[in-house]
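Subject: Structure handover

Hi,

Here is the structure I promised to pass on. Please open it first, then read my notes below.

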Amino acid sequence: MNKRLFLLLTATICTFITLYIPQPLQPQLAELYGRSTAEGGTLTTVALLPLAIAPIFYGYLLGNIHPASLLRYALIALALSNVAFATIHGFEWLLVIRFIQGALIPILITAIISLLLYQNDRVQKTLSLYIAFTIIGGFLGRFLSGIFDTWLAWQLYPWLIASILFAVAVMLPASPLNQAKDAYQRPQLQDLVNMLRQRTVLTYYLIIFAFFSCFVGLLNYLPFILKQAFPDSSTFTAGLMYSGYITGAGIAVMAERIVRRFGLRRSLVFAAVLFISAMTVLFGNSIILTFVVLFIFCASMFLLHSVAIAEVNKQSRYPKALTNAFYTAFYYSGGVYGSFVPGIVYQHYGLTAFLLFLMGTAGLGLIALLSLPKTAS
């Protein structure tokens, strides 16, 4: 592994650690500041909100500047935001910092993907590797957050990640990309209209919106569910429950082989059915079953994600920058929806209604998947 690849993957891990550090802490932060369950979940919602709109909006804002030119500054800014999150007090201020983090992350994502795909024809393999490291980052963000909170102090964790981000920013070599060729492109309204006229591309966008909204919904409110069902459970227990997340890394890396072995359509339908079936087990309200089933839940989600992002890049007739900007927008729009709306259902109607709501949303995603033209699946 060369130096650039190592630093890019390290930056990927730290970026997604930053995104998910607060998740196991949400119940105690909500209690500390006298907030409801739905309000506690907004610590994730406000970070995902910029991720849903920024990939498109940044095209207008940044014009012909390549995101890799901004990478070093974005890394430093994200490091400073971690320091601020660890030291500042007040729920409103925490929300402001989380929004800033969410606004910085799309620059990092776009830059990292652009650098990884530079002069690279192995789109599926490279994107699967990238997704595997986002999964590792998401897992470590949640799991180590619980460990730091239980045995040390959770504030030390953002400080540690800030230090690593600073180091990566300093060591990162200059970008090899052609600044004019690979710069942000200003998307026009007609670009969006024309892209969404591609039925296959639009269907994949809707599929990933539906499944990722369910995925975020369950994982975002998992600490609240555990706290209510098992009052003695600690933050470490909540962090440990995300262990299933790490299986997604292996699945993402193997996605290309799975599709080659079983076929595109069969792989996607199997993953979708497994995803929905996994949620039915959660009605049992067993902490052991929940721990086990999350391995299946996460594995199926990231098989869907790994295959969908590669297929969108293959099927779209538009430049990768625009294609991935819209994919990211749909993906994180689902995250915004899933991190807030199901929380309202859970707060007012309980766990059963919450799970049925998520399963219904995933069911719409499965219907969209089955509607794909056979030539595209």
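What share of the contacts in the protein chain with a separation of 6 or more comes from residues 24 or more positions apart? The share is 85%. Contact here means heavy atoms within 4.5 Å.

Some ground rules. This is a predicted model, where local features need pLDDT of at least 70, side-chain atom pairs count only at pLDDT 80 or more, and totals for chains, interfaces and linings use all residues. Residues are numbered from 1 along each chain as its sequence is written, and side-chain values use heavy atoms, with hydrogens and water left out.

The overall picture comes next. The protein chain has 15 helices and 0 strands. Both are DSSP runs, numbered from the N terminus: helices are H or I with at least four residues, strands are E with at least two. The chain has 377 residues, and 57% of them count as buried. Buried means under 20% relative accessible area, exposed over 50%, and partly exposed in between, with a 1.4 Å probe and protein chains only.

Now the aromatic rings. Rings of Phe, Tyr and Trp (its six-membered ring) pair if their centres lie within 6.5 Å; planes under 30 degrees apart are stacked, over 60 edge-to-face, and the rest tilted. That rule gives 18 aromatic pairs. Phe 215 is buried at 1% relative accessibility, and Phe 302 is buried at 2%. Tyr 331 and Tyr 332 also pair edge-to-face, because their planes stand at 85°, with centres 4.9 Å apart.

Two charges sit over rings. The rule: NZ of Lys or CZ of Arg within 6 Å of the ring centre and within 35 degrees of the ring normal. Arg 142 lies over Tyr 20, 3.9 Å from the ring centre. Arg 261 lies over Phe 262, at 4.9 Å.

Last, look at Ser 267 in helix α12 (residues 264-281). Is Ser 267 buried or exposed? Ser 267 is buried, because its relative accessibility is 4%. Leaving out residues up to four places away in sequence, Ser 267 touches Ile 258, Val 259, Phe 262 and Leu 303.

Best wishes
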